[in-house]
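Please open the structure in a viewer and keep the selection panel at hand.

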Amino acid sequence: MIRNHLSTIIITIITATMGVIAAISFGKMHQPEELFPSEGLTGKVMLSDYFEGIKGTNGDTEVYLFDSGVEGGTALVCGGAHPNEAASFLSTVVILENLKVTCGRVFIIPRLNNSAFTCSDPMEGFPASYEIPTKIGIRKFRLGSRVTNPLDQWPDPLVFSQYPSNQQLSGFETRNINRSYPGRPDGNLTERIAYAIIQLIDKEKVNIAFDIHESSPEVPIVNVIVYHENYEEIAMGAILGLEMAGLQFSPETSPMNFHGLSHREWGDYTNAIPFLMETSNPSMGRLRGKTDVDLVLRGYCDNYKKAKETGALRIAYREDTGEPIAHRVGRHIAGVVELINSYNLYYPDMQIVIENLPDYDMIMEKGVGEFLNN
Amino acid sequence: MKTGISTIVTIMILFLAGSSLLAQKFEQPVLISSAGQSADVKLVKMLAQRQGLNATTVLMAKPDDLTGFKTLVIVPGFSSKGLGAAGISQQDEIERVQSLIKAANNLKIPIVLMHIGGNARRQGQSDSFNQLVADNSKYMLVVKQGDEDGFFSSIASTKNIPLTLVEKIAETAEPLGNLFK
Ligand SMILES: [Zn+2]
């Protein structure tokens, strides 16, 4: 009898301890990492300043402003639409912590779907965070989920009917910000965040807007610039410029009939010129092996080498070097710079001049941490 | 008798050489189309404009679109987004390209292959388009990275098709322009 009770008590204590440890670990995911903007920063507001309907929610997020004070165009750089894509967030952090604007304005939103930073994807075995060594210490960043935290938006419908296109997608996509544009003021949290972003683009008269992503090496849309059909020349000019710098990007037109994505709806519903870029991230792929911080940061995975050798699929994986974070961040920053250069040729009256961003070779040589401020 | 045979042989050689030279002559106006609907074709369109070519781009050109054109430039490369945007399947696209090539061959409109997408437009679904267009081309202009495994070089040598390899996309502009000079 006593023995029975004793085992019950022991099991209860063990379970409670495990629960507490897990709760602490989950709780930490709600703690945003501190960012250290460059001296060029002139303002910081919240996304809810553009739409009240997300105030006080986990969907609200910081919007950083770099205003040169010189009349020109306005750019918006967004990372963290999908917080499981490390180079997406990290590229915007490097831009935030180094940027100097000498003409026009640049807005930066590093955590586009802030709620999705507060959890990770179930059943994927992703690490909850990763660390980057810097000049003076170590910075720790969360690796979040592709979609809004279910604690913030639940339950998912069986079938997601995209607003306003009525396109039918899997229920899970209800929480995907990059299927939710243009959003609506009375929608679910993800639709309201999307709506707030559209309000910001409108109100600030954003001319060029970036949505930075990563994808699996085996999907067809990787190492690409996705552009809206109205702005083909800007994309092509940038692709030629990037190629001259030794970086190959494939152009992809935004399909007119695939709705809810930034490169489609920002272009259709606002005056901004949208671009979406994708780098190859083996930690996101279906063929990956052990999913740890090393895979996220070093991007080296033998399975992809083997897969590429079969030739059955086009695999965006460099077998000698893998797809390390410096390469992915370097590509994104080069992409932003070159697209703005190309934009400037077509809009000489609305120039945006940005400086002080590390180029691809510098990031490859010195590592991402060298360009973080703390 | 011997001299007769050698004369005939010489004439035949000259004739063959002459006809192969003829086969490599390209004239404007130029129709540019895609095989696989990758947006690479938009880059070729831009490069052709920069070279001042009299060129028209029709992404999904059909046999009727060939009317009035003297050269067909095809840019092969598969894009799921491109096919999705066009609302067609890969099989539909293969059939369209086959019919376009057949019509061009019947009309004696020479086909130029331009592969500029590097390894992003190789293997997987791209190679069926690459093969189809390469087999039927009279000239190939390829960015080297797309030929790392010798895919285009070997087609060029077995079928005796002139091939120009360049390092970068921008470097295709000049040889493209020179084809029509
Ligand atoms: Zn993404």
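The stops that follow pass from a whole chain to single residues and then to a second chain.

This is a predicted model, in which local features need pLDDT of at least 70, side-chain atom pairs count only at pLDDT 80 or more, and totals for chains, interfaces and linings use all residues. Residues are numbered from 1 along each chain as its sequence is written, chains are lettered from A and ligands numbered from 1 in the order in which they are written, and side-chain values use heavy atoms, with hydrogens and water left out.

**Stop one: chain A as a whole**

Chain A holds nine helices and 14 strands; helices (H or I, at least four residues) and strands (E, at least two) are DSSP runs, numbered from the N terminus. The C-alpha trace spans about 85 × 50 × 45 Å along the principal axes of chain A. The radius of gyration of chain A is 21 Å, which agrees with the value near 21 Å for a compact globule of 374 residues. That radius is taken over C-alpha atoms, and the globule rule is 2.2 Å times the number of residues to the power 0.38.

Of the 374 residues of chain A, 59% count as buried. Here buried means under 20% relative accessible area, exposed over 50%, and partly exposed in between (1.4 Å probe, protein chains only). Among contacts (heavy atoms within 4.5 Å) in chain A between residues at least 6 apart in sequence, 74% join residues at least 24 apart.

**Stop two: two cis peptide bonds**

Select Trp154(A) and Pro155(A). The peptide bond between them is cis, with omega near -5 degrees, and Pro155(A) belongs to the loop between strand 7 (138-142) and strand 8 (159-161). Next, select Tyr163(A) and Pro164(A), whose peptide bond is also cis, with omega near -5 degrees. Pro164(A) sits in the loop between strand 8 and strand 9. Most residues other than glycine have a negative phi, and most peptide bonds are trans.

**Stop three: Thr174(A)**

Move to Thr174(A), in the loop between strand 9 (168-170) and helix 3 (189-203) of chain A. Is Thr174(A) buried or exposed? Thr174(A) counts as buried because its relative accessibility is 6%. A polar atom of its side chain lies 2.5 Å from the backbone oxygen of Gly171(A). Apart from neighbours within four places in sequence, the residues in contact with Thr174(A) are Gln153(A), Asp156(A), Pro157(A), Phe160(A), Ser180(A), Asn188(A) and Thr190(A).

**Stop four: Asn356(A)**

Select Asn356(A), placed in the loop between strand 14 (353-355) and helix 9 (360-366). Asn356(A) is not a glycine, yet its phi is positive, at about 70 degrees. With 54% relative accessibility, Asn356(A) counts as exposed.

**Stop five: chain B and Lys108(B)**

Now select chain B, which has seven helices and six strands. From the N terminus on, its elements run α-β-α-β-β-α-α-β-α-β-α-β-α. Of its 181 residues, 47% count as buried. Among contacts in chain B between residues at least 6 apart in sequence, 77% join residues at least 24 apart.

Finish at Lys108(B), in the loop between helix 4 (90-106) and strand 4 (111-115) of chain B. Lys108(B), a residue other than glycine, has a positive phi near 60 degrees. Lys108(B) is exposed, with a relative accessible area of 72%.

Methods. Polar contact = N/O pair within 3.5 Å; in protein donor to acceptor, adjacent residues only side chain to side chain.
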